[in-house]
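Here's a set of worked exercises on reading a fold from its coordinates. Have a go at each task before you look at the solution.

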Amino acid sequence: MISDRHAWTRPELETVVPGVHRLPLPLPNDSLRAVNVYVLAPESGDGELTLIDGGWSIDASRDVLARLLAGIGAEPGDVRRFLVTHVHRDHYSQAIALRRAHGARVALGAGEAESLETVRGRDTGLQAQIAGLERAGAPTLADEIRSWLGAAEAPPVDDFADPDEWLTDGQELQAGGRSLVARETPGHTRGHVVFVDETTADGAMLYAGDHVLPHITPSIGFEPAARPGALIRYLTSLAALRAEPDRLLLPAHGPVAPSVHERVDELVVHHDKRLEEIAAAVEKGLPTAAEIAGALRWTRREHRLEDMETFNRMLAVLETDAHLEVLAAQGRVTRTSGTDEVVGNAPA
């Protein structure tokens, strides 16, 4: 039975406003359960459909997509354009697969080009993360990830072909009879974009991808071509959205929520609290991101690091390291060159 918290994952079409529909598509073996794609359909009923995000390219997702589109009298071949928020497989791969099948055009943020090239180079997509674990003092966990990858099926390179169009910040788009503006929001990935929709008479909407999620905190910098500074970029992107007018939140995972501002404020509080916890751990003498992560609690269930699955332990250690980068930029800790050990800096 699906709990109320996960009711949004039911494979049912939801009309957000006339001409905008939320379609939750299933994910394989994923705790997130589903990813929302949004159909933009001209209210006249005679025009091309646009999907914001595409889903994961698996048979179950394609079947649900076809069934839910039938609810508005459409089929997958009627989708002529995909606007994809970022390069992760649950957002991008099915857009590319449906382009092969039906000729739709795909648009993606320009900042994702290096990650696509990395995946096509037969990188598993986690080499940067393995190197990050080793720098963070977690070589055993890095070896676990290598073993895990060795047993996993590599993603089809064809699902990571280049898009037809690279999107840039402030670019204006016409889609499904609506006017959108692309906004670069790096952090979750370097090329993540969101789409502002000012068309609705009842108020503006934000198709937020994984940048702002209503129930969980997005992972930071988890991408094939990862670079330092992901959390700094993420917090800066959140601040930019907070400075704009409030909007209805249409996330990639979770239900539609009434306020972008409210959730951004909660995310900022979460990261501020985490920064304080990590700074306190450094002051107690814990020298590496791995050891600090082991002293913290994770998820809303307050898990210990050692009780989590391998993949989530990796994310936790890397998130801890990202917070240490912020503390170092603030002058609150010093990272020792060559070892990535940290020490606290007493206030002047």
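## Exercise 1: a helix pair

Helix α4 (residues 127–135) packs against α5 at an angle of about 160 degrees, and their axes are 7 Å apart. A quick word on the ground rules: this is a predicted model, where local features need pLDDT of at least 70 and side-chain atom pairs count only at pLDDT 80 or more, while totals for chains, interfaces and linings use all residues. Residues are numbered from 1 along each chain as its sequence is written, and side-chain values use heavy atoms, with hydrogens and water left out.

**Task.** Work out how α4 and α5 are oriented to each other, and list the residues that make the contact.

**Solution.** 
- Step 1: Helices are DSSP runs of H or I with at least four residues, strands are runs of E with at least two, and both are numbered from the N terminus. Axes are lines fitted to C-alpha atoms, for helices over the stretch in contact, and angles run from 0 to 180 degrees between N-to-C directions.
- Step 2: classify the angle. Under 35 degrees counts as roughly parallel, over 145 as roughly antiparallel, 65 to 115 as roughly perpendicular, and the rest as oblique. α4 and α5 are therefore roughly antiparallel to each other.
- Step 3: α4 passes α5 in a left-handed crossing (the near helix is turned anticlockwise from the far one by less than a right angle; clockwise would be right-handed).
- Step 4: list the contact (heavy atoms within 4.5 Å). From α4 come Q127, I130, L133 and E134, and from α5 come P139, L141, A142, I145, R146 and L149.

## Exercise 2: the seven-stranded sheet

**Task.** Give the strand order of the open sheet, then describe the neighbours of β6.

**Solution.** 
- Step 1: order. The seven strands run β1-β2-β3-β4-β5-β6-β7, with mixed pairing (two strands pair if DSSP finds at least two bridges between them). The edges are β1 (14–17) and β7 (165–167), each pairing on one side only. From one strand to the next, the twist averages 25 degrees.
- Step 2: one side of β6. Strand β5 (residues 79–84) runs parallel to β6 (residues 105–109), joined by four bridges. L83 stands opposite A107, and R81 has R105 as its bridge partner.
- Step 3: the other pairing. β6 and β7 are parallel over three bridges, with L108 partnered by W166.
- Step 4: β5, helix α2 (residues 89–102) and β6 make a right-handed β-α-β unit (with the strands pointing away from the viewer, the path from the first strand over the helix to the second runs clockwise).
- Step 5: Four of the five residues of β6 are buried, so β6 is largely enclosed by the rest of the structure (buried is under 20% relative accessible area, exposed over 50%, partly exposed in between, with a 1.4 Å probe and protein chains only).

## Exercise 3: strand β11

**Task.** Which way do the side chains of β11 point, and which strands does β11 pair with?

**Solution.** 
- Step 1: recall that side chains in a regular strand alternate between the two faces of the sheet.
- Step 2: apply that here. M205, Y207 and G209 point one way, L206 and A208 the other, and all are buried. Five of the five residues of β11 (residues 205–209) are buried, so the strand is largely enclosed by the rest of the structure.
- Step 3: find the partners. Three bridges tie β11 to β10 (residues 193–197), antiparallel, with F195 partnered by Y207. With β12 (residues 248–251) the pairing is parallel over four bridges, and G209 is partnered by P251.
- Step 4: β11, helix α6 (residues 230–242) and β12 make a right-handed β-α-β unit.

## Exercise 4: F160

**Task.** Is F160 buried or exposed, and what does F160 contact?

**Solution.** 
- Step 1: locate F160 in the loop between α5 (139–151) and β7.
- Step 2: check burial. F160 has a relative accessible area of 5%, so F160 is buried.
- Step 3: list contacts. Leaving aside neighbours within four places in sequence, F160 touches V87, R89, Y92, L116, V119, R120 and P155. The C-alpha atoms of F160 and L116 are separated by 5.9 Å, with the two residues 44 apart along the chain.
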